[in-house]
Amino acid sequence: MAQRIRKGDLVQVVTGADRGKQGRIIAVRSDGRIRVEKVRLQKRHLKPGRREARAGGIVEQEGYIDPSNVMLVDPSSNKPSRTRIREVDGRRNRVFAKSGEAVPEPARS
């Protein structure tokens, strides 16, 4: 089944404190919330020996936001656009509502 937003997609934040920022989706949680690079940065204070910081200290990392606060960026116009699902030959594909072009597949990591 085609999801509206996937890991690796280029999105733009359309509402909230980080409005206007663009970035790639780093992670999608099971409850649907997403983590976007350089958006909603939070500081974590870690003791020495933890996995993110062997020496310990203050680490900045992205927090999770709701997917309703972001829109996929159309590469042809570099502007956010709503998406639709178009079925072609039995396959469900994501397309941009404004241009009608297919959403580029995110790079596998």
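**Note on strand pairing and salt bridges**

1. Strand β2 (residues 22–28) and strand β3 (residues 34–36) run antiparallel and are joined by three bridges. Val28 faces Ile34 of β3 across this pairing. Strands here are DSSP runs of E, at least two residues long, numbered from the N terminus. Two strands pair if DSSP finds at least two bridges between them.

2. The model is predicted: local features need pLDDT of at least 70, side-chain atom pairs count only at pLDDT 80 or more, and totals for chains, interfaces and linings use all residues. Residues are numbered from 1 along each chain as its sequence is written, and side-chain values use heavy atoms, with hydrogens and water left out.

3. The open sheet has six strands, ordered β6-β3-β2-β1-β7-β8, with antiparallel pairing. The edges are β6 (64–65) and β8 (79–81); each has a single partner strand, so one side of each lacks a neighbour in the sheet.

4. Five salt bridges are counted (a side-chain nitrogen of Lys or Arg within 4 Å of a carboxyl oxygen of Asp or Glu). One of them links Lys21 to Asp18, with the closest N and O atoms 3.2 Å apart. Asp18 is buried at 18% relative accessible area, and Lys21 is partly exposed at 37% (buried is under 20%, exposed over 50%, partly exposed in between; 1.4 Å probe, protein chains only).

5. Asp31 pairs with Arg29 in a salt bridge, closest N and O atoms 3.1 Å apart. Arg29 is partly exposed, at 34%.

6. Glu60 and Lys43 form a salt bridge at 2.9 Å, N to O. Glu60 sits in β5 (residues 57–62) and Lys43 in β4 (residues 41–46), so the pair ties together parts 17 residues apart in sequence. Glu60 is partly exposed at 47%; Lys43 is exposed at 54%.

Conventions
Helix = DSSP H or I, 4+ residues; strand = E, 2+ residues; numbered from the N terminus.
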